[in-house]
Amino acid sequence: MQSLPEGFRAVVIGASGALGTAFCDLLRADPRCAGVWGLGRQAAMRVDFADEASLAEAAAALRQHGPFHLVLVATGVLHLPGVQPEKRLADLSFAAMEEIFRINTFGPALVMRHFAPMLDRQRSVLAVLSAKVGSLGDNRLGGWYSYRASKAALNMMVKTAAIEMRRTHPGAVLVALHPGTVRSALSRPFRGDEIGRDPAEAATAMLEVLDGLNSDDSGSFVAYDGRRLPW
Ligand SMILES: NC(=O)c1ccc[n+]([C@@H]2O[C@H](COP(=O)([O-])OP(=O)(O)OC[C@H]3O[C@@H](n4cnc5c(N)ncnc54)[C@H](OP(=O)(O)O)[C@@H]3O)[C@@H](O)[C@H]2O)c1
């Protein structure tokens, strides 16, 4: 991450996941990075979207180490025990939609609430992992109602936060980031192991893209190869 200052500090939320782990490993191997804090449901600094207070508590515990130059939100779900992506309207239920939106949209939005104020005002990047299937313009196949809609709503949260943050943190870049198909627990039931890339390869590509973004890019939806995706 050459664009971040020497001794930059990074926070990864969802550090236990395939991409979260890969981000933490890469950043810990970067000699320019002075500190990486990996947060998650099982981490010492606990962030669990089932427990709203855990977000404020984790942010309060981290504040003494800030400001931060890189915040990566690598949480998300496509399926849960007893919940599969919906193929048709008849599959929709309140309970499943509420749970998917809580994890994919509301959780990352509250991460931005608590962590965006700790971004470095001169140069920093906050990236939230989204998904191309959350693009309204690119939706040609249908299906996966809750996942698609939760990521589309997440993108709106990121865009809106980027506009607000520009006023107080002009050097901060907030983006929604599409990782491509990656081998992980999330993609495994959908041929992820066959068609997905290695998480380390995907995370390397995404860090390169983030390194090249500047404040004019804040509020955009970008893919792992640097492409801008349609909303
Ligand atoms: N893999 C792909 O092909 C692909 C494609 C497009 C977009 N994405 C996006 O990339 C992101 C990361 O996916 P991944 O493939 O790395 O998935 P993953 O390996 O399944 O990791 C998911 C992460 O989300 C965390 N999480 C789940 N429920 C949570 C909750 N209630 N509170 C806090 N954290 C929670 C998990 O924590 P635990 O370990 O505690 O469960 C884990 O750290 C997701 O946003 C996903 O939508 C992935």
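Select helix 4 (145–168): of the elements lining the second largest pocket, helix 4 gives the largest share, six residues. Helices here are DSSP runs of H or I with at least four residues, strands are runs of E with at least two, and both are numbered from the N terminus. A pocket is an open set of points, on a 1 Å grid over the protein atoms alone, with protein on both sides within 12 Å along at least five of seven lines; a cavity is a set where a 1.4 Å probe fits but cannot get out; lining residues have an atom within 4 Å of a point.

The model is predicted: local features need pLDDT of at least 70, side-chain atom pairs count only at pLDDT 80 or more, and totals for chains, interfaces and linings use all residues. Residues are numbered from 1 along each chain as its sequence is written, and side-chain values use heavy atoms, with hydrogens and water left out.

The pocket holds about 240 Å³ of space, where a volume is the space filled by probe spheres set on grid points joined across faces, edges and corners.

Next, the cavity. The structure has one cavity of 30 Å³ or more. Select Leu-78, Val-83, Gln-84, Pro-85, Glu-86, Ala-96, Ile-100, Ser-146 and Tyr-147, which line the largest cavity. Helix 3 and helix 4 are the elements giving two or more residues to this lining. Its classes are six nonpolar, two polar and one charged.

Move to Trp-144, in the loop between strand 4 (124–129) and helix 4. Trp-144 is not a glycine, yet its phi is positive, about 55°.

Then go to the loop between helix 2 and strand 3, where Pro-67 sits. The peptide bond joining Gly-66 and Pro-67 is cis, with omega about 0°. Select Phe-68 in that loop together with Trp-37 in strand 2 (residues 33–39); this pair links parts of the chain 31 residues apart. The ring centres of Trp-37 and Phe-68 are 5.5 Å apart and the planes stand at 80°, so the pair is edge-to-face. Rings of Phe, Tyr and Trp (its six-membered ring) pair if their centres lie within 6.5 Å, and planes under 30 degrees apart are stacked, over 60 edge-to-face, the rest tilted. The count of aromatic pairs is five.

Last, select Ala-18, Leu-19, Ala-22, Phe-23, Leu-26 and Leu-27 of helix 1, which take part in the contact with helix 6 (heavy atoms within 4.5 Å). This contact has 12 nonpolar, one polar and no charged residues.

Conventions: Nonpolar A, V, L, I, M, F, W, Y, C, P; charged D, E, K, R; others polar.
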